[in-house]
Amino acid sequence: MTSALDAIAGAYHADPFSVLGPHIERGRLVIRACLPAAEAVSVVRDGLAPVAMTRSHPVGVYEATFPETPHAGVDIDYRLKFTDAGGSVAAITRALRQPV
């Protein structure tokens, strides 16, 4: 996975959304995002508490793992909330709806 994250961070990955966004890995839902200016990122899903993402690459690739396993092809609705180095908080307010 490190080489894929390096390719995303360097903007030369041939298919970044094969890594970014929601995926099922080892029976769990994983959501990844590349937000280089972010210091902290959370996944916000309707009706659930926000989940902090961990930085998985120094350039700003973040990920969060969830215990549930959605069925393949099911859309996952989520938003991202992030804080930049100056402490400003912003959100991607449009729900991201992507199949896993």
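Analyst: Gladly! Two strands pair if DSSP finds at least two bridges between them, and strands (E, at least two residues) are DSSP runs numbered from the N terminus. This is a predicted model, where local features need pLDDT of at least 70, side-chain atom pairs count only at pLDDT 80 or more, and totals for chains, interfaces and linings use all residues. Residues are numbered from 1 along each chain as its sequence is written, and side-chain values use heavy atoms, leaving out hydrogens and water.

User: What makes E5 and E6 a pair?

Analyst: They share 3 bridges in the antiparallel sense, and the rule asks for at least two, so they pair. Within this pairing, Thr-54 stands opposite Glu-63 in E6.

User: Which strands stand at the edges, and why?

Analyst: The open sheet has 4 strands in the order E1-E2-E6-E5, with antiparallel pairing. Strand E1 (21-25) and strand E5 (54-57) each have a single partner strand, so one side of each lacks a neighbour in the sheet.

User: Why is Arg-45 said to lie over the face of Phe-66?

Analyst: A charge sits over a ring if NZ of Lys or CZ of Arg is within 6 Å of the ring centre and within 35 degrees of the ring normal. Arg-45 lies over the face of Phe-66 at 5.1 Å from the ring centre, so the distance meets the 6 Å limit.

User: How many aromatic pairs are there?

Analyst: The count is 0. Rings of Phe, Tyr and Trp (its six-membered ring) pair if their centres lie within 6.5 Å; planes under 30 degrees apart count as stacked, over 60 as edge-to-face and the rest as tilted.
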